[in-house]
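Please work through the following exercises with the sequence and the model at hand.

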Amino acid sequence: MPDNQPTRDISELGYEECRDELIEVVQALEQGGLDLDASLQLWERGEKLAKRCEEHLAGARKRVEDALAVDDAEGDPGQG
């Protein structure tokens, strides 16, 4: 994650943006060379990004499940 980029609020990021930034965070941490405070800040940002990715995926999973449930209800002749 380049230092010259302003840090965007995680709630504004889509899934792909969160995932891509999380990859950058992991790579920066794996490279090392950061002081403890910078490493901790990056790690904390990574945790928040990972949580946001999980939220996006849970929302997508719910949408798929809801769509499948509607399809099942419409295709079942025993239902209303």
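The model is predicted.

**Exercise 1. The chain as a whole**

Task: State how many helices and strands the chain has, and describe its burial and its surface.

Solution: 
- Step 1. The secondary structure consists of two helices, with zero strands.
- Step 2. The chain has 80 residues, and 14% of them count as buried.
- Step 3. The accessible surface amounts to about 6,300 Å². Carbon and sulfur atoms account for 50% of that surface.
- Step 4. When contacts between residues at least 6 apart in sequence are considered, 65% of them join residues at least 24 apart.

**Exercise 2. The residues between the helices**

Task: Identify residues through which H1 and H2 meet, and classify the residues of this contact.

Solution: 
- Step 1. On the side of H1, the residues include Tyr 15, Cys 18, Arg 19, Leu 22, Val 25 and Ala 28.
- Step 2. On the side of H2, they include Leu 42, Trp 43, Gly 46, Leu 49, Cys 53 and His 56.
- Step 3. The residues of the contact of H1 with H2 comprise 12 nonpolar, three polar and four charged.

**Exercise 3. Ala 28 and Leu 42**

Task: Decide whether Ala 28 is buried or exposed, and find its contacts beyond four places in sequence.

Solution: 
- Step 1. Ala 28 belongs to helix H1, whereas Leu 42 belongs to helix H2.
- Step 2. The cut-off for a buried residue is under 20% relative accessible area. Ala 28 has a relative accessibility of 18%, so Ala 28 counts as buried.
- Step 3. Leu 42, with a relative accessible area of 11%, is buried as well.
- Step 4. Apart from neighbours within four places in sequence, Ala 28 is in contact with Leu 34 and Leu 42.
- Step 5. Ala 28 and Leu 42 are 14 residues apart in sequence, and their C-alpha atoms are 8.3 Å apart.

**Exercise 4. Cys 53**

Task: Locate Cys 53, and state which residues Cys 53 touches beyond four places in sequence.

Solution: 
- Step 1. Cys 53 is part of helix H2.
- Step 2. Its relative accessible area is 8%, so Cys 53 is buried.
- Step 3. With residues up to four places away in sequence left out, Cys 53 touches Tyr 15, Cys 18 and Arg 19.
- Step 4. Cys 53 and Cys 18 are 35 residues apart along the chain, and 6.2 Å separates their C-alpha atoms.

Technical notes
Residues numbered from 1 in each chain as written. Predicted model: local features only at pLDDT ≥ 70, side-chain atom pairs only at ≥ 80, totals over all residues. Heavy atoms only, no water. Helix = DSSP H or I, 4+ residues; strand = E, 2+ residues; numbered from the N terminus. Buried < 20%, exposed > 50% of the residue type's maximum accessible area, 1.4 Å probe, protein only. Contact = heavy atoms within 4.5 Å. Areas by Shrake-Rupley, 256 points an atom, 1.4 Å probe, with all protein chains shown as cover. Nonpolar A, V, L, I, M, F, W, Y, C, P; charged D, E, K, R; others polar.
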